[in-house]
Amino acid sequence: DDEEAVFLDGLADVELSRGFDLERYDLRRPLGRGRHAVVYQAYDRRTGREVAIKRLLGDGKGRHSRVIESRFFAEARTLSRVRSPYVISLLDVVPQQRFIVLSLCHGGNLRLAMRKQRITSASLPIIGPQLLAALRAVTVDDCRRLLERYPLTPRTVVRLRPSEKAD
């Protein structure tokens with residue numbers, strides 16, 4: 001998507017110029033950006049696998065920034081308790097540099113797939129059980145906390161490629 005490429009262009013250079021030390025990870029390309037964080041594709045030199053790095057934006061100073069950071073790492077703790085092939089896995093936490101490492105999902109999110117018309121009525125028998133399995137993997141308390149922050153919408157649901165196996 002050209003619009004997304006322009007929006008993300010140069011983010012890797014900005015991060016590297018701010019001292020984003022990636023001894024273990026080889027930063028590849030930006031995948032997306034939200035209000036508070038940016039996600040990159042990266043390579044984990046230790047494990048030899050492609051991963052996603054989600055890093056908080058900003059300098060981490062100020063009350064508002066500390067609240068955002070606290071929520072960010074609380075969500076990481078919640079994610080660390082979830083075990084499902086249909087939920088992205090937390091692989092590493094690096095609080096000193098304000099980032100977490102996640103399993104890389106090549107399929108994008110459900111909203112994007114719907115917008116690009118990759119989801120059809122024929123897909124629903126496949127997607128429905130995957131959504132149900134993901135929701136069953138989350139405890140009631142964790143689910144409540146996550147849904148307060150991220151309502152269940154097509155944008156917050158990631159999808160696997162048909163050929164992609166869940167970890």
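## The largest nonpolar core

The largest nonpolar core of this predicted model has 14 residues. Four of them touch the most other members: Phe72, Val87, Ile100 and Leu102. H3 gives the most, with five residues.

Val87 has partners from other parts of the sequence. Leaving out residues up to four places away, Val87 touches Leu79, Val82 and Ala134. Another core lies apart from the largest one. This other core has twelve residues, among them Ala42, Leu57, Phe99 and Val101. Nonpolar side chains tend to be buried together in soluble globular proteins.

## Helix H3

H3 covers residues 63-81.

Which residues of H3 are buried? They are Ser65, Ile68, Phe72, Phe73, Glu75, Ala76, Thr78 and Leu79. An α-helix has 3.6 residues a turn, so residues three or four places apart point the same way. Phe72 has 6% relative accessibility, so Phe72 counts as buried. Phe73, at 10%, counts as buried too. The cut-off is under 20%.

Strand S1 (residues 25-33) runs antiparallel to S2, and six bridges join them. Leu27 has Ala42 as its bridge partner in S2. S1 and S2 form a hairpin, with three residues between them.

Strand S3 (residues 49-56) also runs antiparallel to S2, joined by eight bridges. Ala37 stands opposite Leu56 in S3. S2 and S3 form a hairpin with four residues between them. In that turn, Gly48 has a positive phi of about 75°. S2 is mostly covered: six of its eight residues are buried. In a regular strand, side chains alternate between the two faces of the sheet.

## Strands S4 and S5

Strand S4 (residues 90-94) pairs with S5 over four bridges, in the antiparallel sense. Val94 has Phe99 as its bridge partner in S5. S4 and S5 form a hairpin, and four residues lie between them. Arg98 in this turn has a positive phi of about 60°.

## Aromatic pairs

How many aromatic pairs are there? The count comes to two. Tyr25 and Phe99 form an edge-to-face pair, with 6.1 Å from centre to centre and 85° between the planes. Tyr25 lies in S1 and Phe99 in S5, so this pair ties together parts that are 74 residues apart in sequence. Tyr25 and Phe99 are both buried.

Phe72 and Phe73 form an aromatic pair that is also edge-to-face. Their centres are 5.0 Å apart, with 85° between the planes.

## Confidence in the model

The mean pLDDT of the chain is 76. Of its residues, 70% reach 70 or more. Where does pLDDT stay under 50? This happens over residues 1-9. For residues 1-9, the model has six contacts beyond four places in sequence.

Notes: Residues numbered from 1 in each chain as written. Predicted model: local features only at pLDDT ≥ 70, side-chain atom pairs only at ≥ 80, totals over all residues. Heavy atoms only, no water. Buried < 20%, exposed > 50% of the residue type's maximum accessible area, 1.4 Å probe, protein only. Helix = DSSP H or I, 4+ residues; strand = E, 2+ residues; numbered from the N terminus. Pairing = 2+ DSSP bridges. Expected span 1.5 Å × (residues − 1). pLDDT = per-residue confidence, 0-100. Contact = heavy atoms within 4.5 Å. Core = buried A, V, L, I, M, F, W, Y, C linked by side-chain atoms within 4.5 Å. Phe/Tyr/Trp six-rings, centres within 6.5 Å; stacked < 30°, edge-to-face > 60°.
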